[in-house]
Amino acid sequence: MSSVTLFAAAQLRGIVDVPGDKSISHRAVIFNAVASGSARITNFLTGADCLSTIACIRALGVDVTQDEDEVHVYGVGLQGLREPSDVLDCGNSGTTLRLLAGLLAGMPIFTVLTGDASLRSRPQRRIVEPLRSLGAQIDGRQAGDRAPLAVRGTAIRGGSYHLPVASAQVKSALLLAGLGGSGPLTLTGRIDSRDHTERMLTAMGLELEITPEQITLHPPTHPVLPYPLSLRVPGDPSSAAFWWVAAAIHPNAELTTPGVCLNPTRTGALDVLRAMGAQIEITNQRSEGSEPVGDVTVRSSVLRGTEIAGDLIPRLIDEIPILAVAAACAEGETVVRDAQELRAKETDRIATVAEGLRALGGHVEPTSDGMKIVGLGGPALRGAQVQSHHDHRLAMAWAVAALIATGETTIADPDSAAVSYPGFWETLTMVQHAP
Ligand code: S3P
């Protein structure tokens, strides 16, 4: 489909089972690949990004079976990965490329990691430099800052690294390299990004010392993660956020997303929506595997502008496109600061969010590290032709805007939503027609 045309919805109702979390799905396959024994993963995200991870792990000689959202991984330990006969194609997925670069840095094999045009344009120095400081031999275009990246596996040292940006991909790449290290690895600095890697490695029997200031990983005594980790992947809060905002900005709405991951490193969007005045109810809070989960219900709300900055940013970085739609429908000004990381995502999301929201009649001013949005005082966007630039989260953010916009909204490349949310368009229809 090259475009989709949408109109305002009379109402939004229903229970939306969002797909499994993208970050946890990637990690479940990668970590179990180097564990001893087999793991069963259910509610696995079958989006294109996580399928890229499965394809790469298979190319490394690991047996992975997939039947819809149930995946089995037959771990081969840290020394069992085989040199692939071709380059590893990570598609659109930064998580696949960066986590695998870290894991493969210490393996006795040669690999080349590449991806689509968007991924090949994203910065990689952020992993290449710290991995090199631990002894890794990695090269790539632009002195190692752009994929394809060539990884010549070698002995990795322990040591320490101060993380200058809050990036879970960088943190995880280093921890994975550290698994095969000759001594403990300590990370300091911005370790406050999503912590799924730390939670899952701990559940798999690894020794991690974690304080607010630092993380120290002790490599396993045997070259294997001691226990495989079978799990049900919780719902992805980054996918649920589209429905939360849709319900909050629509005048006749109530949507529930059950079983969503409520890990505090991922719930910044809920905090922001609450601060904006959204009616949010969280019930049935429980633990699933190593993650807290709960059911989130959001109802039609009157929103006011807010500030999104500082420590909040890593807790909602992927939700900024959809929060910008909420801000455009609020009363007053919303300021996003300290979010320069947006420029390194699937697209430069400061530029692409501003462009799309403006086309829809929003008042947005991009800044070097974020944007200022002057709300329209209600759901007053107007339909337009908008680009997704092959960025899944933009395609979905504009679809939510279309639900309250006047006239018709045409979104280019809607299929890109399948990178993280297969079934998004069907669910969009379903919530408009639920009884
Ligand atoms: C992810 C980390 C984040 C996020 C991405 C998934 C992960 O990126 O934007 O969608 O699974 O580790 P950064 O680590 O670059 O901030």
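The legends below describe close-up views of a predicted model. Local features require pLDDT of at least 70 and side-chain atom pairs pLDDT 80 or more, whereas totals for chains, interfaces and linings use all residues. Numbering starts from 1 along each chain as its sequence is written, and side-chain values use heavy atoms, with hydrogens and water left out.

**View 1. Residues around the ligand.** The shell consists of Lys22, Ser23, Arg27, Thr95, Arg98, Ser167, Ala168, Gln169, Arg194, Ile317, Asp318 and Lys345, each with a heavy atom within 4 Å of the ligand. By class, 2 of these residues are nonpolar, 4 polar and 6 charged (Ala, Val, Leu, Ile, Met, Phe, Trp, Tyr, Cys and Pro count as nonpolar; Asp, Glu, Lys and Arg as charged; the others, Gly among them, as polar).

View 2. Polar contacts are pairs of N or O atoms within 3.5 Å. Ligand oxygen atoms lie 2.6 Å from a side-chain N or O atom of Asp318, 2.7 Å from a polar side-chain atom of Arg27 and 2.8 Å from a side-chain N or O atom of Ser167. Of the 380 Å² of accessible area that the ligand has on its own, the protein covers 95% (Shrake-Rupley method, 1.4 Å probe).

View 3. Two or more shell residues come from each of α1 (22–33), α3 (94–105) and α7 (168–179); α1 gives the most, with 3 residues. Helices are DSSP runs of H or I with at least four residues, and strands are runs of E with at least two, numbered from the N terminus. The ligand lies between domain 1 (3–20 + 234–433) and domain 2 (22–215), because both give residues to its shell; the bounds come from an automatic or database domain assignment.

View 4. Ala147 and Pro148 are joined by a cis peptide bond with omega of about 5 degrees, and Pro148 lies in strand β9 (residues 146–152). Asn43, in the loop between β3 (36–42) and α2 (48–59), has a positive phi near 55 degrees. Most residues other than glycine have a negative phi, and most peptide bonds are trans.

Notes: Polar contact = N/O pair within 3.5 Å; in protein donor to acceptor, adjacent residues only side chain to side chain.
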